[in-house]
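User: I have a structure to go through with you. Can we start with the contacts and then move on to the pockets?
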Amino acid sequence: MIASQYLATRGKRSDIRALSETAGQLALKIGRENVYDFTLGNPSTPPPQEVEDAIVDIIRGTDDLVAVHGYSSNAGMDSCRQAIADSFNRRFGRQLTKDNFMMVTGASTGLHTVSRALHIDENSEIMVIAPFFPGYYPMVACGGNKMVVVPPDTEHFQINFDELEPRLSKHTQGIIINSPNNPSGVIYSEETIKKLAALLKKKSAEYGHAIYLICDEPYRELVYTDEVVPYIPAYYNNTIICYSYSKSLSLPGERIGFVATDNNIDDFDDVWAGLRGASSDVANVCAPTLFQMVVERCVDVAPNMADYAHNRKVLREAFSRIGYRFADPSGAFYLFFQAPFGMSAEDFMDLAIKRNVFVVPAASFGCPEWLRLSFCVSRHTVEASIPAFEALYQEAREAMGKQPVPL
Ligand code: PLP
């Protein structure tokens with residue numbers, strides 16, 4: 001019944017939202033502890049203590065609550081932007097100032113802004129690399145641009161250059177990259193970034209205009225291995241960073257992030273004039289002042305990752321043992337796996353829903369045979385779901401006409 005309610009909405013609404021609402025309705029009927037809802041990328045850990053302390057401190061310590069809750073300038077408070085610049089300088093060895101940053105209401109607004117700023121004419125294109133965050137569809141479209149999808153490298157989940165290069169054209173204004181990646185969790189290696197930078201330098205020269213690398217980085221700090229997330233402007237000057245504190249500081253509802261460029265970007269003043277204008281176009285009046293004050297105090301605070309790390313470990317072990325094929329998540333908080341035995345992702349999802357397991361088929365992420373599992377959930381949800389994933393694997397095997405094997 002509930003599954004068919006979901007099926008009725010398929011194709012008309014965001015898969016993720018529709019599935020999560022269906023899971024929520026089921027939880028009301030049978031109890032939250034009996035539903036394994038892996039749909040949303042909503043952090044399941046509270047913000048770090050420093051964030052809570054900063055909020056209380058700011059509210060209690062001020063004699064000007066009007067200012068705390070008032071508008072800031074469009075670009076954001078000078079002191080907040082300078083604190084972020086200082087943090088970049090410490091971490092990446094740069095020489096940035098507040099003028100390299102504009103505060104926005106989350107990465108979504110940052111990406112809408114950049115898409116809008118890069119709209120040149122009705123042929124303008126922005127490229128995305130599968131698998132990608134489905135939020136890019138409205139962001140690219142809202143800017144007035146066409147979205148060009150680069151098919152995935154399902155072996156390593158790096159960039160498939162054989163597919164990317166032929167899709168570049170004189171209309172390509174920007175390429176969105178997202179690392180650590182939602183949904184694969186993979187970090188683009190330095191080698192990948194160098195190769196991409198060299199290609200874009202060559203093509204920008206050929207077309208006579210910059211192709212911007214738009215780095216969507218809400219998961220930059222959510223890394224479980226010793227892999228380094230390259231600082232992209234060190235490899236490619238025409239880079240625009242869109243950052244968010246939604247995931248790193250568990251603040252998605254507060255809507256706080258920034259757009260940044262390094263000093264080495266071509267035509268710095270023109271780029272920033274474009275970004276500021278576009279930010280007004282997409283109604284980024286200002287980022288919340290209270291949370292700019294919080295960020296100013298918490299620029300170097302590390303994310304709360306203990307639960308995510310635990311869930312990742314349990315899932316990697318279980319999925320390997322059972323036999324699922326998945327991208328190894330070095331960062332973010334998603335497990336991206338292939339529907340087994342050649343089953344379609346939608347059919348696997350249907351089987352899963354019957355066991356009260358909700359995972360998202362990844363057609364809208366540009367990767368049709370795959371599914372995304374968000375492990376930003378309680379430890380209980382992950383641990384208690386493993387028998388269901390074991391059973392689902394056997395069911396998929398039987399449904400696809402293969403003999404079951406004992407686990
Ligand atoms: N980019 C990616 C890759 C995301 O996963 C998300 C949210 O899930 C966003 C952007 C949007 O983040 P924000 O809450 O900052 O708008």
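Analyst: A definition to begin with: a polar contact here is a pair of N or O atoms within 3.5 Å. Also, this is a predicted model.

User: Fine. With that cut-off, how far is the nitrogen atom of the ligand from the side chain of Asp 216?
Analyst: The distance is 2.6 Å, taken from a nitrogen atom of the ligand to an N or O atom in the side chain of Asp 216.

User: And which side chains face an oxygen atom of the ligand?
Analyst: Asn 182 has a side-chain N or O atom 2.8 Å from an oxygen atom of the ligand. For Arg 255, a polar side-chain atom lies 2.7 Å from an oxygen atom of the ligand.

User: How many residues are around the ligand, and which come nearest?
Analyst: There are 14 residues around the ligand, and those that come nearest are Ala 107, Ser 108, Asp 216, Tyr 219 and Ser 244.

User: Back to Arg 255. What is its phi?
Analyst: Phi of Arg 255 is near 60°, which is positive although the residue is not glycine. Most residues other than glycine have a negative phi. Arg 255 is placed in the loop between strand 7 (239-244) and strand 8 (257-260).

User: Pockets now. What is the volume of the largest pocket?
Analyst: About 830 Å³. Its lining has 33 residues, and Ile 16, Arg 17, Phe 133, Gly 135 and Lys 247 lie nearest the centre.

User: Where does the largest pocket sit relative to the domains?
Analyst: The largest pocket lies between domain 1 (2-34 + 305-399) and domain 2 (50-298), because both give residues to its lining.

User: Which helix gives the most to that lining?
Analyst: Helix 6 does, with 5 residues. Helix 2 (15-30), helix 6 (106-117) and helix 7 (136-142) each supply at least two residues. By type, the lining of the largest pocket divides into 13 nonpolar, 13 polar and 7 charged residues.

User: And the second largest pocket, what lines it?
Analyst: The second largest pocket holds about 280 Å³ of space. It is lined by 17 residues, with Arg 32, Asp 37, Cys 376, Val 377 and Thr 381 nearest its centre. Helix 2 gives the most to this lining, with 3 residues.

User: How many cavities of 30 Å³ or more?
Analyst: The count is 3. The largest cavity has about 60 Å³ of space. Its lining includes Asp 216, along with Ile 177, Cys 215 and Glu 217, and divides into 7 nonpolar, 1 polar and 2 charged residues.

User: How many bridges join strand 12 to strand 13?
Analyst: 2 bridges join strand 12 to strand 13 (residues 370-374), and the two run antiparallel. Pro 361 stands opposite Leu 371 in strand 13.

Note on methods. Residues numbered from 1 in each chain as written. Predicted model: local features only at pLDDT ≥ 70, side-chain atom pairs only at ≥ 80, totals over all residues. Heavy atoms only, no water. 1 Å grid on protein atoms, 1.4 Å probe; cavity = no way out; pocket = protein on both sides within 12 Å on 5 of 7 lines; lining within 4 Å. Points joined across faces, edges and corners; volume = space filled by probe spheres on them. Helix = DSSP H or I, 4+ residues; strand = E, 2+ residues; numbered from the N terminus. Nonpolar A, V, L, I, M, F, W, Y, C, P; charged D, E, K, R; others polar. Domains from an automatic or database assignment. Pairing = 2+ DSSP bridges. Near = heavy atom within 4 Å. Polar contact = N/O pair within 3.5 Å; in protein donor to acceptor, adjacent residues only side chain to side chain.
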